[in-house]
Amino acid sequence: MYETSSPARAAVAVKDDAYPRPQLVRPSWVNLDGEWGFAYDDDDHGLTEHWERRTAFEGCIRVPFPPESPASGIGDTGAHPVCWYQRSIGAAELDAAGQDGRYLLHFGAVDYEAMVWVDGAFVGAHRGGQTPFTLDITNHLETSEPTHRIVVRCFDDPVDAETARGKQDWRLEPHAVWYERTSGIWQTVWLEAVPALHVEALSWDCDLPHATATASIRLSKRPTAPIRVRVELSHAGRPLAAGTVDCESDRVELTLAIPTQRNGQDYEDLLWSPEHPSLLDATVVVEAADGTADEVTSYLGLRSATVAHRRFLLNDRPYPLRSVLAQGYWPTTHLAAPSAEALREEATLIKSLGFNSVRIHQKAEDPRFLFWCDYLGLAVWAEGGAPYEYSPRAASRLSAEWADMVERDRSHPCIITWVPLNESWGVQHIAHDPAQQAFARSLADLTRALDPSRPVISNDGWEHASSDLVTIHDYTDSPAQIHTRYGSEEAVQATLAGLGPAGRRMRACEPGWPGDAPIVLSEFGGIAYVTTPDGEAWGYSNADDAAAYEAQLAALVGAVRESAPLAGYCYTQLTDTRQEANGLCDERRRPKLPAETIRRIVAG
């Protein structure tokens, strides 16, 4: 159990750092990770042969690690489009989940399509490899059987370029900046019991000038009689606000005034920032007409993220971004974290190196990592995996999956900007194709419609279509060239006006651009330095030894920090990842230079 010792820093006490959904918490739940039966279905005969009725599979896998990873116990990186999982649950699991009436089976993420059965009966399906889904399996448990079988079929075409795959390689062997594929279950599977009428989704919005916080609550169904919903906010045990509403709708919105925030000379004490990660505890209680009640706990942060006068503003004040790019990839578990504790350690490591923000690259990161960023104080650029091909089907798939990502994560105060596209992946010909330009604009506008509270980067790196921040990728190894391109306002304008550092247009279709938008060097560096004799050394530039690495790193980061027109930067990257040796740390998260040295270079 982790608890804050400083009420000003955070009010939230972490009772279970393995809990998969940290902003909508119930006390009883059962983690279904661990040993599952497993089988590949390379001939895709499983459906016609009714594998969902099988009582066991010949193989064994350790969930939630993908079968390509060593930690799964399978470790097969070959192309296997279809795989099956099976495990049993009994009275022990059902009792531990709670006694509230309805049993919900949750999947954190399954790549890419999932079909689920209980005792041979189909209970639901889901498409999208980065987002969670939930199935009510109650009606399939009402038998006298002592145990019940859960069977999952996963389909993930290893060469389908229309799916949002991120850094998963379409080739059999990893190359350049792509890694082994992640298929099947790769985030936690869990079970909980809830009342028939319960909170299905919960999000938070805050309005700093008006000193309010708004809870948006979606219920599992429309009530048949009036219900009562109560919301309470507190900080370090001190009540801040409470409100009650009676309603007959399945959607409830309750805005609470926070009187302490009206004091203009004292309101900043409760605001969230990386240096002062203050969080408010929240409780939501839904009382149904039949006397049943659903109580969930949550948390929120009061903060604003905007842009103005060429600067990123956090809580309406200029906030220079010192960011690092992180792949969220581990050598033994791939896209799945090795443990819940590893997610806390990742956030702690990033802060220890002097960064105040992180860009999770081409991955919708585990919500538990976002919790630690909220709790410890680390700003996040939220990004998801991209497809590689543009088509109407690819656009439809990505739009739906991205909308689910935004809905899942929009209440985390640590998230300061959304990045729906990167380097024109999935819109490769955006400079010339009006359809791809329209898609990039629509995806950015969809993001703003779902969450108007944060800036959006339409296409990080180049060929911007509708961006609130101007972001540039530049992997020069020359500090002098950094100064030439970004050392003055005139230099920056010249860089933006033509072909950018990567030979790509900086603007795809944005009239009046860049206007007042902040300019951020959102990828640079990538210096490869191998600390083991037999290690690979792929990077954008190379250092031969520790002294040369420190000198090159200090000179390059120093040149960026001295470029006054820039509102911030993002260094590539946090760790070595597979064949990429351009991390500040090796793949086991060990810094290549003393952490104090890196921190001095990063923070100045």
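Predicted model: local features only at pLDDT ≥ 70, side-chain atom pairs only at ≥ 80, totals over all residues.
The buried residues of α5 are Gln436, Gln437, Phe439, Ala440, Leu443, Ala444 and Thr447. When the helix is seen down its axis, these buried residues fall within an arc of 165°, so they line one face of α5. The partners against which the buried residues of α5 pack are helix α4, formed by residues 392-409, and strand β28, formed by residues 415-419. At the start of α5, the backbone nitrogen of alanine 435 has a side-chain oxygen of aspartate 433 within 2.9 Å.

Serine 458 is found in the loop between α5 and strand β29, the latter spanning residues 470-473. With a relative accessibility of 0%, serine 458 counts as buried, because the limit for that class is under 20%. Its contacts, leaving aside neighbours within four places in sequence, include Ala440 and Ala444, two residues that are themselves among the buried residues of α5. Serine 458 is also in contact with residues including Pro420, Leu421 and His464. Two polar contacts of the serine 458 side chain can be described: a polar atom of that side chain lies 3.0 Å from the backbone nitrogen of alanine 465, and a polar contact of 2.8 Å links the side chain of serine 458 with that of serine 467.

A further serine, serine 391, occupies the loop between strand β27, residues 379-383, and helix α4. Serine 391 is buried, its relative accessible area being 10%, and its side chain is joined to the side chain of glutamate 162 by a polar contact of 2.4 Å.

The largest nonpolar core contains 76 residues, and of these Phe355, Val358, Phe369 and Leu521 touch the most other members. The helix that gives the most to this core is α3, residues 367-376, which supplies seven residues. For phenylalanine 369, the residues touched are Leu343, Glu346, Ala347, Ile350, Val358 and Ile360, when residues up to four places away in sequence are not counted. Another core, of 32 residues, lies apart from the largest one, and among its members are Ala215, Cys247, Tyr267 and Val286. Cysteine 247 has a relative accessibility of 15% and therefore counts as buried, given that the limit is under 20%.

A search of the whole structure for disulfides finds zero. In the case of cysteine 83, the closest cysteine sulfur belongs to cysteine 154 and is 4.4 Å away, which is too far for a bond, because a disulfide requires the two sulfur atoms to be within 2.5 Å. Cysteine 83 is buried, with a relative accessible area of 1%.

Most residues other than glycine have a negative phi, and most peptide bonds are trans. Against this background, the peptide bond from aspartate 111 to tyrosine 112 is cis, with omega near 10°, and tyrosine 112 belongs to the loop between strands β6, residues 110-111, and β7, residues 113-118. A cis peptide bond also runs from threonine 572 to glutamine 573, where omega is near 5°; glutamine 573 is placed in the loop between strand β33, residues 566-572, and helix α9, residues 595-603.

Positive phi values are found at serine 424 and arginine 589. For serine 424, which is not a glycine, phi is about 60°; this residue lies in the loop between β28 and α5, and it is buried, with a relative accessible area of 0%. Arginine 589, likewise not a glycine, has a phi of about 70°. The loop that holds arginine 589 is the one between β33 and α9, and arginine 589 is buried, with a relative accessible area of 14%.

Conventions: Residues numbered from 1 in each chain as written. Heavy atoms only, no water. Buried < 20%, exposed > 50% of the residue type's maximum accessible area, 1.4 Å probe, protein only. Helix = DSSP H or I, 4+ residues; strand = E, 2+ residues; numbered from the N terminus. Arc of directions from axis to C-beta. Contact = heavy atoms within 4.5 Å. Polar contact = N/O pair within 3.5 Å; in protein donor to acceptor, adjacent residues only side chain to side chain. Core = buried A, V, L, I, M, F, W, Y, C linked by side-chain atoms within 4.5 Å.
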